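Here is a set of exercises to work through with the model open beside you. Try each task before you read its solution.

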Amino acid sequence: MNRPEHHHLRRRAEGRRRVGAATGWTAAVGGGLAAVFGVLLAQTAPAASAAVAPAASAPAEPDLVAPVPVPSVVPPPLATTAPHRTHTSTIPLQPPAAAPQLSSGGRSHGVSGAS
Amino acid sequence: MTEVRDRPRCDRPARDRVELHVWGTTAVLIVTDPAALPAAERVLLRQLAAVDAACSRFRTDSEISRLHDLAGSPVRVGPVLAEALTVSLRAAQLTNGVVDPTVGNAVEALGYAMDFASLAPDGPAPVDPPRPAPGWWRVGWDPTTGEVLLPRGVRLDLGATAKALAADRIAQQAAADGGCGVLVNLGGDVRVAGPAPEGGWRLGVGDDHTAEETDVVVTIDAGGLATSGTARRRWRRGGRELHHIVDPRTGDVPDSPWRTATVAAASCVDANTASTAAIVMGEHAPVWLEQCGLPARLVDLHDRVLTTPGWPGEGT
């Protein structure tokens, strides 16, 4: 191996080391951010459509905080058909077929008041 | 002798109504054909029992209590709770969450954690400050499968709609079975079905459904009439007057200008949804009710009456 070739290989090795270091730092930072976001997301109440995964086999607890998942673990597919929020009937409140009229007298059949 | 003995019995007016005490209030059923009363009474008792078994948060063996216990897991519910959930979620959606079934914890935090008859009229202030309701949209509900997913920690209170739903179910079924007119009044939540008596069903309207005197008497031929107000189901905690209507946005009793709101609608559920919403909405209620096309009568804390178009006779 002559000197220019040796120099070239040294530079290549140095480049690989730098790339490796940068990649490692990036992976480490990415992993850390993933962990932070994982914890933050776990502390928020789950949306109705997403609440099934951690809750499917967990015991009932008296708070809204979901169990903190391990960030690097991908949640398994749902084992059950989870009820996701479905828009219920959006038929507007219906007015009466005929408006109430003032009574012309007689004994009332009942009273509508607070109970 | 037989004729003499029987004559008074024949002259006595046939019984056309049943009245009983239920859910801390009164239930009244009236039929236009007395012959239909026994069957109608059976419908009344059966439906009250069914709604209670499904929706009572005071019973440990009710379906809704089981739902609370299994919060976090999908639960398949029976047809009565399914209908009650559908009705309550629709009410929440149509009122932008002003009438929200997820107020269970808020209502209990204010002290209403047991049947009202067992509730102490006075007591210390709640330990925790009021918290907004989690929100009806958190309730996972698939009406096609009957499966509901309640997030852990969320408790439902279907009180704003379940009683009215019971009135609707009883009146409709009793009228269909008996082929006559039926009025059902569950603590002021009124539903009529079938052919009305001559002149219509006469209903007094006031603050209190047990009052002898009412502010006004109206007639209806069909649909529902409901009144929500702060005059009944009151208690004190920490020297503060509380009542059973909760604002889901705060988890506290609403600071409403209205003492009483009465609404007429096609069903008792719709009437009661609107009357409860009106109390919580406060000053925005008249415009909202008018936009919904619902005849309504609102009484403010200074006894002033405001009505919406369609309500008879009283000025705005």
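**Exercise 1.** In which sense do strand β14 (residues 296-300) of chain B and β15(B) pair, and over how many bridges?

*Solution.* First, some ground rules: this is a predicted model, where local features need pLDDT of at least 70 and side-chain atom pairs count only at pLDDT 80 or more, while totals for chains, interfaces and linings use all residues. Residues are numbered from 1 along each chain as its sequence is written, and chains are lettered from A and ligands numbered from 1 in the order in which they are written.

Step 1: strands are DSSP runs of E with at least two residues, helices are runs of H or I with at least four, and both are numbered from the N terminus. Two strands pair if DSSP finds at least two bridges between them.

Step 2: β14(B) and β15(B) pair in the antiparallel sense, over three bridges. B:L298 stands opposite B:L306 in β15(B).

Step 3: the two strands form a hairpin with four residues between them, and B:D303 in the turn has a positive phi of about 70 degrees.

**Exercise 2.** At what angle do helix α2 (residues 37-55) of chain B and α6(B) pack?

*Solution.* Step 1: the angle is about 150 degrees, with the axes 9 Å apart. That makes α2(B) roughly antiparallel to α6(B), the term for angles over 145 degrees.

Step 1: list contacts, counting two residues if their C-beta atoms, placed from the backbone, lie within 7 Å. Among them, α2(B) brings B:V43, B:L44 and B:L48, and α6(B) brings B:L165 and B:I170.

Step 2: sort the contact residues into twelve nonpolar, three polar and two charged. Here Ala, Val, Leu, Ile, Met, Phe, Trp, Tyr, Cys and Pro count as nonpolar, Asp, Glu, Lys and Arg as charged, and the others, Gly among them, as polar.

**Exercise 3.** How many residues does each chain bring to the contact between chains A and B?

*Solution.* Step 1: chain A gives 44 residues and chain B gives 79 residues.

Step 1: on the chain A side, α2 (52-55), β1 (101-102) and β2 (110-114) each supply at least two residues, and β2(A) gives the most, with five.

Step 2: this side of chain A divides into 24 nonpolar, 17 polar and three charged residues.

Step 3: β1(A) runs antiparallel to strand β9 (residues 216-220) of chain B, joined by two bridges. The bridge partner of A:Q101 is B:T219.

Technical notes:
Axes fitted to C-alpha atoms, helices over the stretch in contact; angles between N-to-C directions. Parallel < 35°, antiparallel > 145°, perpendicular 65-115°, else oblique.
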